[in-house]
Amino acid sequence: MVANGGEPGVLLPVNSVELTPPVTSFDLSIALRLYLSIVNRQCLVFYSPGMHPYDEVDVLFCGDSPMGLGPGYRDAFPRRWKTLWWHPMLITAPHHGSDSNAIAYQHIRYEWGGLSNLWVRSGGTRNHPGEKYREIPKGQRFCTHCPHQPFKASKQTVEIDVFPTPYFELVRGYRCTCLAES
């Protein structure tokens, strides 16, 4: 089945199909068991295209998804939309930047657009972010809060102006300063 539905040009499903009519019942007992379960890994992923060539950037909302299908999630979700190669995409880090979905970084790098993307992570514990998130160049990763820094209790929105020269400027929020382990 091919992902479809959403709001064309605004919010496009990557791994889901919009149901008509919408499902109205919800089993709360399932919601209470959501950790990084199969349900978490199958969470919905959405792509929001920016208004090119205007001042809006593409956004990929990853949730807790490994961004793939099949055994070990080895097959990347297909990308069905084109973006401008010079235009950075804003990506939410899978599962708080955890390595539990490390394969997602590989899929995003090769299927969704190289190394010029900007990454934002939120939430998590002292175990976050993981090694794969820390391997992203420092200038391209941001956090709404950091469990490793003195300002960890202060959560802040990340706001990025993506069009000043040369590529972007952090307006508000935190640059991730966590080091990759050697």
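Which residues make a nonpolar surface patch of about 240 Å²? The patch is made by Val10, Leu11 and Phe61. Patch members have over 30% relative accessible area and no salt bridge, and nonpolar side chains (Val, Leu, Ile, Met, Phe, Trp, Tyr) are joined within 5 Å. A salt bridge is a side-chain nitrogen of Lys or Arg within 4 Å of a carboxyl oxygen of Asp or Glu. Areas follow the Shrake-Rupley method with a 1.4 Å probe. The model is predicted: local features need pLDDT of at least 70, side-chain atom pairs count only at pLDDT 80 or more, and totals for chains, interfaces and linings use all residues. Residues are numbered from 1 along each chain, and side-chain values use heavy atoms, without hydrogens and water.

Phe61 lies in strand 3 (residues 58–61). Strands are DSSP E runs of at least two residues; helices are H or I runs of at least four. Phe61 is partly exposed, at 37% relative accessible area (buried is under 20%, exposed over 50%).

Strand 3 pairs with strand 6 in the parallel sense over three bridges; pairing requires at least two DSSP bridges. Asp58 stands opposite Met89 of strand 6. Met89 and Ile91 form the covered face of strand 6, Leu90 and Thr92 the uncovered one. Leu90 has Leu118 in strand 7 as its bridge partner.

The largest nonpolar core has 23 residues. Such a core joins buried Ala, Val, Leu, Ile, Met, Phe, Trp, Tyr and Cys residues through side-chain atoms within 4.5 Å. Val14 and Trp112 are among those with the most contacts inside this core. Strand 6 (89–92) and helix 3 (103–111) each supply at least two of its residues. Helix 3 gives the most, with three.

Technical notes
Patch = residues over 30% accessible without salt bridge, like charges linked within 9 Å, V, L, I, M, F, W, Y side chains within 5 Å. Buried < 20%, exposed > 50% of the residue type's maximum accessible area, 1.4 Å probe, protein only.
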